[in-house]
Structures are given as structure tokens and as C-alpha cells.
Amino acid sequence: MKRLLLTIVAAAAAVLPLPALNRIPAWLEDAVIYHIYPSSYMDSDGDGIGDLRGIESRLDYIRSLGVTAIWISPIFESEFVDGGYDVTDFYRVDPRFGTNADLVSLVRTAHSKGIRVLLDLVAGHTSDRNAWFLQSRNGEPYQRYTDYYIWTDSRDKVPNGNFIKSDAPRDGNYMKNYFDAQPALNYGYANPDPAEPWQQHMDAPGPMAVRNELKDIMSFWVEKGVDGYRVDMAMSIVKNDPDKSGTMRFWRDVIGWFESRYPECVLMSEWGDPEKAIPAGFHVDLMIDKHTQMYRPLMVNAAHRGGPKVCYFEAGGSGGAELREFAANYSRVLAATRGHGFSTMPTASHDNWRVNTNGRNTPEQIKAALTMFLLMPWPPIIYYGDEIGMRTVMETPPKEGSLSRSGRNRSPMRTPMQWDSTPNAGFSTAPKDSLYLPIDPSEERPTVAAQESDPESILNYVREVLALRRENPALGTRGEWRVLSDLETAYPLVYERRLGEERFIVAINPSARRAVTPVSGIDGRPVVIFGDSDDFSYLRYRSGDRIAVKPFGAVVCRIEPAAK
């Protein structure tokens, strides 16, 4: 264990300190964020699709969780080739969700309840039906949007990479950012190829015009009360930028401008590399791509990118390698970014499987996993429905681009919120066959109404964990974090949260067997303050201390000074 801990500490110490870039809004340090996929949350008008008025009608419930901010997946006008991530008009709410006035109403009501509102900003591309692209594809020189997209200078030239052969009037082919219907906006090239004059430098007039348009979009909604953005595919902006230095420079400019005008607003990135995203100026980076050695196996429980992956939170208890990799990566990232921004792992998302997936489906298993997500030194992000243990409904059919480019169906994570036992689980009054996606057909599906009155429910457990975090700053973003348990043993995981003289340990055993681990650095007496004290044992031997946790157990202890 000592060798592993020394390796982690050495890796963390080797990271150079960041320059003083980011001003972190004070409210973010205590934030709990709730991620809503709007088509699936609450339908107010009976058309079978969730909308902004529906979200507004549920704000009291959201506040009751202990949530202080909501993040809403894209709501701008769209063709919905990719679930709203193909935007046709960045300045208009799509009619399926309501109007611009409905968004302003939602923001004002949320603010009156102490809840901030973050929108999803699709910065890297648009729909191929966007008016900007329709003008750009005509190829007329000197028009406003001519250089808003990346085009080759000949239809006969189809470079390697994400280029789509076009039949547009313009003599060229365009670059896509994800699906074919999502042409990449032209923020330029960090290293243009001199042999390809159509590759514009990131500081050329065309890319600078697109950059200014992005600033206009950001201002437009913030001036209406929005509190910030989660930026989709933030790493994909500047092209031919292998070390991302150009992309980092781009975001430093945009975020520097943004912070100077809107110092209380927050920017979160879908980058997956906090050691680049945080120096680029983002306040939060979502660890859902590069540093996924625990996150993705936690959600997927299956083969991952061509090889088998074992989930740490799997009942079999064979995920020790994933835990060790996560601990090393997170320790390094935390040391490199602390005080400048946060790396965080959502409980799930519209793209990644829920905690309740496959064999990980009992309340005890779900509670154990959620304890980890909610008591780390990052702003917790709860995906709607995870607070009641909604499952990944594997039989859900694809919808609106939910099939990823790799063929993975993402609809199973987007099923409607389950409110009560009325038809359609209280999500909509529409006929069943008119719903955006089918409701979970299981007769045992969890609902908010059923869990409200059950003191042992997942819903009330989440409320209690968040209250514990709120009442004890050492358990929040300000507290230090370090692993105390033996990473070779892996089960249970025991980590310390410390702020000044306040010390806590969080002990989690997601396996189906009682687990015992050597621990170091307790230096006091653990007293259980959350969870069942019968689930936990602190054992002292001449050979060293041990902690034992029952199957699927999770406890929080305060460390009392050792008796003199």
C-alpha cells in the first residue's frame, strides 16, 4: 500500500502549478447541479414531449433535493438529428420546448427559489439546415457567413478526416464535427498546411468572426438571466491542434472576455482532460472521456473500446485495477487543478449509462455508488432520475440520433422521468404511443411519489447525503481528499475528507461480500455519523489498523481525537 500511495503522491507533486487564470464564482463551491434532458423531464402541454414550463412546474421538487443549479441539455431550435445538438438557430428556443419568454420565466422562477440555470452550448458545429450554413454552401464570396464553416477549395478534394463530399453550389467539401448533418464551425487551424490555402489560421478574419458570434450567443442568453453554460465538445474547436494549445488559447480569450463581463457565471466543459480544460479557463471539466478509468466502467459494465472492463461498483468485487487507476489519475488531476477549477463526474448523463444498469440494481448497490459521487471534492452533478434509482432501460428504441457513430444506443438513458403511478408515470397526459420515448415498462419502476414517504428510499438517502455535505464543509469542494485504504485490497474504499481540524472518512463497499482493508493515517477514533454503525467496524491490531464494511455498505465517520 505504501508503494502505491507514494506513486500517487509523486505523480501529483510532479505537476507544475497552474497560472492564476480562473476566478471561481463563490456559489459554485457549494453547488449541487441537476442535469435535465428536457424532452424527457415533464410535459406541460400534453404533446408527449417535455418542455420548459414542465421543468418550471417541478422546481420545488428539484430544490427539495438540495440542488442549487440545473443544467439543461440543448433547447435551441433544431432539426433533432442529434437530440438537439444540431442547432438551426442559437437565438431561439425550439417550439417543442416553448418560447424565449418561457425560458426567461423559468430562469426568474428558479432564481426566486435559489436555483441557477445553466444551458448546453453547442459551440463547435451547427445543423446543416442552419441559415449560416445555407448561405455558406452557396459559395458567394464576401457574404457574412461565407467563412463560417470549413470548406476545401475543390469538390474533387476530399481530405482524410471528417470531411463530407458535398453537392452544394460551392465548389468544395465541408468538415463535419460529429454526424454528417453537423458541419463544423470554422474557428480555424492552429497549424494550417501551407499547401492547403483553404485552411485558415485561427486568427484569420473568418475564424475571428465565428468567435465573435459565439460571444454574441453567450451574451444573448446571459443578458436574459442565464447563469452559464456547459460547452459541448469543447476540445474540438480549433483544428490540426494535436496538443490542444490552440484550443486552450482560444478558450482563454473567450472565457477571459466572459468573466470580465459576467463574473458570477459558470462555464463547464465537455473536454475530459482537466489538466487542459482548467488552464484554458473553464471552471468545471466533466471527466467523461480521457480520465474515465472508473467513470465509464461504472456506467457501462461491459466491453469498453474493444476490451473487457470490470466495474468497480460491480457486486463481484473484482474492480480493483479500475480503482487504482482512478485514484492515481484523480490524485494527479486534483493536485494540478485545485484552487483553479474542478473536475467532476456526473452520476450519469444523456450519453452514459445510469448507476442502475444490468446487475447493479438494488437500492443498497445504488446508494453505495451515489455516496461516492456525492461526497467527493467536486460539485456533484445528478442526472435526472438517478435520485430515485431510475434504470437504464435497455429495450428503448433509438430516437433522434441516439445511435452514436459507434452504433451505441443512448436512448436507454433518456427515458421519461417517473413521477408517480398515474398513466405515463405522471410525465405526460399524451397517449402512450405519442410519448417522446416509452416509459420504463417494469412494474417495479421507482417513482418520486412512492419514495417521498419512504424514509429508507434512494430519494431520501440522496437528500440526507447532500444535507450532510452542506452542513460539513470538509465534505464539500473545500475539503482535502486522500485515500486511506489499501488500494491493492480495493474493497472497501476508504478516503479522508479534511478541512482544518475537521476530519471525516467515507467508507464504501460496493461488493456483495463483507470486506476488510488495512488503513493508514486514521490517527483518531472514527465515529459513525451517517449510515448504519452496524455496517462498520474499526479494528486495531499490532500489525496495523483495519476497517471492515458490510456488503453494499456505505458510512461516513467523523474522526475524533485519540484519547490521551
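## Helix α13 and its neighbours

The buried residues of α13 pack against quite a list of partners: the helices α3 (59–64), α11 (363–374) and α12 (448–452), plus the strands β12 (381–383), β17 (525–530) and β20 (553–560). Keep in mind that this is a predicted model.

α13 itself runs over residues 458–471, and its 14 residues reach 20 Å from the first C-alpha to the last, close to the 20 Å expected at 1.5 Å a residue. The helix is mostly covered, with 11 of its 14 residues buried. Among them are Ile458, Leu459, Tyr461, Val462, Val465, Leu466 and Leu468, but also Asn460, Arg463 and Arg469.

## Nonpolar cores

The largest nonpolar core takes in 132 residues, and the ones touching the most other members are Tyr34, Tyr41, Tyr61, Ile62, Ile70, Trp251 and Met417. There's also a second, separate core of 15 residues, including Trp71, Leu118, Val266 and Val284.

## Aromatic pairs and a cluster

Aromatic pairs come to 37 in this structure. Take Trp257 and Tyr262: their ring centres sit 6.3 Å apart with planes at 85 degrees, so they pair edge-to-face. Trp257 is buried at 18% relative accessible area, and Tyr262 is buried at 9%.

Tyr312 and Phe313 also pair edge-to-face, because their planes are at 75 degrees, with centres 5.3 Å apart. Tyr312 counts as buried at 1% relative accessibility, as does Phe313 at 2%.

One aromatic cluster brings together Phe76, Phe90, Tyr91, Trp132, Tyr145, Tyr148, Phe220 and Trp221.

## Arginines over rings

Arg58 lies over the face of Trp419, 3.8 Å from the ring centre. Arg354 lies over the face of Tyr384, at 4.8 Å from the ring centre.

Methods:
Residues are numbered from 1 along each chain as its sequence is written. This is a predicted model: local features need pLDDT of at least 70, side-chain atom pairs count only at pLDDT 80 or more; totals for chains, interfaces and linings use all residues. Side-chain values use heavy atoms; hydrogens and water are left out. Helices (H or I, at least four residues) and strands (E, at least two) are DSSP runs, numbered from the N terminus. The expected span of a helix is 1.5 Å times one less than its number of residues. Buried means under 20% relative accessible area, exposed over 50%, partly exposed in between (1.4 Å probe, protein chains only). Contact means heavy atoms within 4.5 Å. A nonpolar core is a set of buried Ala, Val, Leu, Ile, Met, Phe, Trp, Tyr and Cys residues joined through side-chain atoms within 4.5 Å. Rings of Phe, Tyr and Trp (its six-membered ring) pair if their centres lie within 6.5 Å; planes under 30 degrees apart count as stacked, over 60 as edge-to-face and the rest as tilted. A charge sits over a ring if NZ of Lys or CZ of Arg is within 6 Å of the ring centre and within 35 degrees of the ring normal.
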